[in-house]
Amino acid sequence: MLSQLISKNAFLREGNFFIPYLGNIETRSNNPLFRSRNVVLRLELDLFVNLLHCKSQPGIKTRHNNIDIILIRQNTEGEYSCLEHESVSGVVESVKVVTREKSEEIARFAFDYAVRNNRKKVTAVHKANIMKLADGLFLNTCAEIAQEYPQIEFDNIIIDNCSMQLVSNPHQFDVLLLPNLYGNILNNIACGLVGGPGIISGQNIGHEYAVFETGSRNTGKGIAGKNIANPVAMLNASVDLLQYLGLYKHAKIMNDAIYQTVNVDKIHTPDLGGTAKTTDVVQNVLQIVQDKTRM
């Protein structure tokens, strides 16, 4: 399955590392044993980190301004461990797996990221008041790792309260450290805060592999073929890929072209209240890149 999935997406190789640039994919199967293609990709490549940088764009009108939040999600266990069975007819058990090893791994990544990027606070999101063992292990492990980073403020918040706080007062958050399912939910909320699924890119990172895609994994099938989909999230994923490869000059040229298109020229697709086509956005970005590379 993995080889079939990869063959349908752009796939780059850098040294011993494979770096895919992934379009949105959908799993449609009535077979309960058929696993999500997204989950299979993350598990087989051990992409234990999902990273989103949700930042307001001045050219996009939203309810909140000046949002700048990092969401770091554990990407390979929790409720997405694909361990379900029907113990007796009408009774399904779905196993949530949380391990100290993976919790420590994602927590250390989050604090290292905060240090490298001059972030001030890491907030662990959990439901340890109810799932005292599973989420309790995640929370306690994050708290233990936090002690190794005294320069970074650490706090925690329950997932349901975090969801409300994220939409009512998002500026209180800096770096959110999330288990798998909660990360999936809050990623989509955060994308919605800054303009919807067409803006933010997402990074999936492991020790050997990395995959770059849109931050919100909505396939957008309802607008397929209409030339109205917002390509900015996918274009931003290309910036992430270039930065990961160390091609910083190229990444900046691309990033500046996207920024000018969205915020200065304000070429917006219908999801942002505009009338531009997908190709209009892409052509404008290409023109700016060409102009910059001639200078």
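1. Helix α3 (100-116) and helix α4 (residues 134-146) pack at an angle of about 45 degrees, with their axes 9 Å apart, the axes being lines fitted to C-alpha atoms over the stretch in contact and angles running from 0 to 180 degrees between N-to-C directions. That angle makes α3 oblique to α4, because angles under 35 degrees count as roughly parallel, over 145 as roughly antiparallel, 65 to 115 as roughly perpendicular and the rest as oblique. Helices here are DSSP runs (H or I, at least four residues) and strands likewise (E, at least two), numbered from the N terminus.

2. This is a predicted model, in which local features need pLDDT of at least 70 and side-chain atom pairs count only at pLDDT 80 or more, while totals for chains, interfaces and linings use all residues. Residues are numbered from 1 along each chain as its sequence is written, and side-chain values use heavy atoms, with hydrogens and water left out.

3. The largest pocket holds about 890 Å³ of space, and of its 32 lining residues the closest to its centre are His53, Val239, Asp240, Gln243 and Asn255. On a 1 Å grid over the protein atoms alone, a pocket is an open set of points with protein on both sides within 12 Å along at least five of seven lines, and lining residues have an atom within 4 Å of a point. Volume is the space filled by probe spheres set on the points, which are joined across faces, edges and corners.

4. The largest share of this pocket's lining, eight residues, comes from α8, and β3 (49-55) is among the elements that each supply at least two.

Methods: On a 1 Å grid over the protein atoms alone, a cavity is a set of points where a 1.4 Å probe fits but cannot get out, and a pocket is an open set with protein on both sides within 12 Å along at least five of seven lines; lining residues have an atom within 4 Å of a point.
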